Amino acid sequence: DIAPEDFEESGYFNRYYKGSGVSDEVNMIAPASDRVCIAYSLERAMRNSPFSKEEIANFEATLPVVAACCARHWQITRRPDGNGEPDLKHQKLLERMETLGKDTLTPRESEIVQLVLKGHSNLSIGENLGLSVETVKVHRRNIYRKLNISSLSELYSFALQHLLSGR
């Protein structure tokens, strides 16, 4: 709705968007504080149809909850003095996340897990690490097998359990 009519002829479209593999996206902005907004984007891969009106309505219906989560996340990851430095508790969580699967996974697999949990696609992971998409897929299959999981949602659950266990 907000893209200009000639978007597909623009330099941005031809240099970046066309090669991104994205066919449609929904962008939302959530206020995190009086001075900060968090923008997030949901994307649909080219092989899929654009978002339906029903899906967009569902996204809009979740906006108050997502906005509240974004605001809360911003609050707990910033120091009380407002200087923008990460909170030590948050820093410890990040350090804890880096130990996820260290006893089971290879260093490369651990690196891929970290990127997956940050929301990177196989294509993005491959570009970041200088790997082919197929190699990333092989690593992900091995990760899932080693962690005894079978889906991305199970990986998120595994990560959450790891954070909460403190071990």
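Which residues in α6 meet Leu152, Leu155 and Phe158 in α7?

**View 1. Contact of helix α6 with helix α7 in a predicted model.** Arg140, Tyr144 and Leu147 are the residues of α6 that meet Leu152, Leu155 and Phe158 of α7. By class, five residues of this contact are nonpolar, one is charged and none is polar. Helix α6 covers residues 133-147 and helix α7 covers residues 152-165.

**View 2. Packing geometry of α6 and α7.** The axes of the two helices lie 11 Å apart, and the packing angle is about 55 degrees. Because of this angle, α6 is oblique to α7. The crossing of the pair is left-handed.

**View 3. Packing of helix α4 with α6.** Helix α4, residues 107-117, packs with α6 at an angle of about 95 degrees, and their axes are 10 Å apart. The angle therefore makes α4 roughly perpendicular to α6. On the α4 side, the contact consists of Arg108, Glu109, Ile112, Val113 and Val116. These meet His139, Arg140, Asn142, Ile143 and Lys146 in α6. Four residues of the contact of α4 with α6 are nonpolar, four are charged and two are polar. Arg140 of α6 is listed in the contact with α4 and also in the contact with α7.

**View 4. Hairpin of strands β1 and β2.** Strand β1 (residues 22-31) and strand β2 (residues 37-45) run antiparallel and are joined by nine bridges. Five residues lie between the two strands of the hairpin. Within the pair, Glu25 is opposite Glu43 of β2.

Notes:
Residues are numbered from 1 along each chain as its sequence is written. This is a predicted model: local features need pLDDT of at least 70, side-chain atom pairs count only at pLDDT 80 or more; totals for chains, interfaces and linings use all residues. Side-chain values use heavy atoms; hydrogens and water are left out. Two strands pair if DSSP finds at least two bridges between them. Helices (H or I, at least four residues) and strands (E, at least two) are DSSP runs, numbered from the N terminus. Axes are lines fitted to C-alpha atoms, for helices over the stretch in contact, and angles run from 0 to 180 degrees between N-to-C directions. Angles under 35 degrees count as roughly parallel, over 145 as roughly antiparallel, 65 to 115 as roughly perpendicular and the rest as oblique. A crossing is left-handed if the near helix is turned anticlockwise from the far one by less than a right angle, and right-handed if clockwise. Contact means heavy atoms within 4.5 Å. Ala, Val, Leu, Ile, Met, Phe, Trp, Tyr, Cys and Pro count as nonpolar, Asp, Glu, Lys and Arg as charged, and the others, Gly among them, as polar.
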